[in-house]
Amino acid sequence: MKQYLVIDIGGTYIKYSLMDPEYRVLHEGSTPTEKLPAEFLRQFMGIVETYVDQISGVAICMGGFIHPVTGENTDFSVGANFRAYRLKEEINRKYPIPVVLENDSNCAALGEMVRGAGRGFQDICMVTFGTGIGGAIIINRELYRGSHFKSGEVGFTRVGLRDVDGKPAAEGAGATSLLVRKVSEILGREVDGTYIFNHLDHPDIDRVYREWLYKGAMVIGNFAVTVDPKILLIGGGISENEIFIRDMKEAVYALYPHLEPYTAIEACEQGNMAGRMGALYLLLQSGEGGVQS
């Protein structure tokens, strides 16, 4: 049975799995991500070298604007370790095995299409809430990358204007990290997302939450009316919170009532495995992995 090394490179952790062509996990592990580029490369290649004699290919997902052929990553949101090396070339310099590398949000959307909440849909959009806001577009069950491999990056959209020193300035929506930071500032102590959702009856917490939710709803609604997908999926760790999903759906449909009859909004189903599933899907579809899926 063929098996593949699938690696999810995050700013905090590198998570990796051995998977079969049916997306079953045979083995998995994780390690904190090295920040210095040279140490990061050593760490990454060490993972590959551990499994290279057992695998038929490597599939990688990570943050960044990634050229699907060369593997060049022009990400600027994490650190130099993400940009310093073309990881496909580094692997193939030593090992002549198939390698695919793709943006993590794009991979997560593909993973949900194959084994998650996007099953059976042709056109899918995804918005992920985490340290930042990410996104992805699938049209006719094909990933749409855009002319510069930056499509779906809805975290860069602006949702309003505010005065900064008396001057107008574009304002963006914030990801989960911003919500946690703002509530922590108001309370004068560090809290986490679980605390926030357990204390929404606190007037100040609810006010910050509703303002944050409203801006996120504008991002989602604008994305949906632009692309017109059958379904828009919400990912990131917070998507497992039923209160958040309920409130976000209500906020989006209140702002964009015409969306409700034809664009479903649902939480992702595969959690942090979605990116790895999507990366493996790309490898299998390339034909280089030895199995068409």
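Tutor: Happy to! Let's begin with an idea we need for helix pairs: an axis is a line fitted to the C-alpha atoms, for a helix over the stretch in contact, and the angle between two N-to-C directions runs from 0 to 180 degrees. Please keep in mind that this is a predicted model.

Student: At what angle do helix α5 and α7 pack, and how far apart are their axes?

Tutor: Two packed helices are described by the angle between their axes and the distance between the axes. Here, helix α5 (residues 176–187) packs against α7 at about 155 degrees, and their axes are 10 Å apart. Angles over 145 degrees count as roughly antiparallel, and α5 and α7 are therefore roughly antiparallel to each other. Their crossing is right-handed.

Student: Which residues of α5 and α7 make the contact?

Tutor: From α5 come T176, L179, K182, V183, I186 and L187, while α7 brings D204, I205, R207, V208, Y209, E211 and W212. Sorted by class, the contact of α5 with α7 has 8 nonpolar, 1 polar and 4 charged residues.

Student: Let me try another pair. How are α4 and α9 turned to each other?

Tutor: Use the angle again. Helix α4 (residues 104–115) and α9 pack at about 85 degrees, with axes 6 Å apart. Angles of 65 to 115 degrees count as roughly perpendicular, so α4 and α9 are roughly perpendicular to each other. The residues of α4 in this contact include D104, C107 and R115, and they meet residues of α9, among them A274, Y281 and L282. The contact of α4 with α9 divides into 10 nonpolar, 3 polar and 3 charged residues.

Student: And what about α1 and helix α3?

Tutor: That pair packs at an angle of about 50 degrees, and the axes are 11 Å apart. α1 and α3 are therefore oblique to each other, and α1 passes α3 in a right-handed crossing. In α1, F40, L41, F44, M45, V48 and E49 take part, meeting L87, E90, I91 and K94 in α3. By class, the contact of α1 with α3 holds 7 nonpolar, no polar and 3 charged residues.

Student: Now the strands. In what order do β1 to β5 lie in their sheet?

Tutor: Strands of a sheet pair through backbone hydrogen bonds, either parallel or antiparallel. In this structure, 5 strands make an open sheet with the order β3-β2-β1-β4-β5, and the pairing is mixed. β3 (25–32) and β5 (99–103) stand at the edges with a single partner strand each, so one side of each has no neighbour in the sheet. On average, neighbouring strands of this sheet are turned by 15 degrees against each other, direction ignored.

Student: How many bridges join β1 to β4?

Tutor: Strand β1 (residues 4–9) and strand β4 (residues 58–62) run parallel and are joined by 5 bridges. In this pairing, I9 stands opposite M62 in β4. Helix α1 (residues 37–51) packs on the sheet, where it touches β1, β2 (13–19), β3 and β4, and its direction makes about 160 degrees with that of β1. Helix α9 (residues 274–285) packs on the sheet too, touching β1, β2, β3, β4 and β5.

Student: Where do β8 and β12 stand in their sheet?

Tutor: Look at the order, β8-β7-β6-β11-β12, in an open sheet of 5 strands with mixed pairing. β8 (142–143) and β12 (264–267) are the edge strands, and each pairs on one side only. Strand β11 (residues 231–235) pairs with β12 in the parallel sense over 4 bridges, and I231 stands opposite A264 in β12. Helix α7 (residues 203–227) lies across β6, β7 (133–139), β11 and β12, running at about 160 degrees to β6.

Terms used
Residues are numbered from 1 along each chain as its sequence is written. This is a predicted model: local features need pLDDT of at least 70, side-chain atom pairs count only at pLDDT 80 or more; totals for chains, interfaces and linings use all residues. Side-chain values use heavy atoms; hydrogens and water are left out. Two strands pair if DSSP finds at least two bridges between them. Helices (H or I, at least four residues) and strands (E, at least two) are DSSP runs, numbered from the N terminus. Contact means heavy atoms within 4.5 Å. Angles under 35 degrees count as roughly parallel, over 145 as roughly antiparallel, 65 to 115 as roughly perpendicular and the rest as oblique. A crossing is left-handed if the near helix is turned anticlockwise from the far one by less than a right angle, and right-handed if clockwise. Ala, Val, Leu, Ile, Met, Phe, Trp, Tyr, Cys and Pro count as nonpolar, Asp, Glu, Lys and Arg as charged, and the others, Gly among them, as polar.
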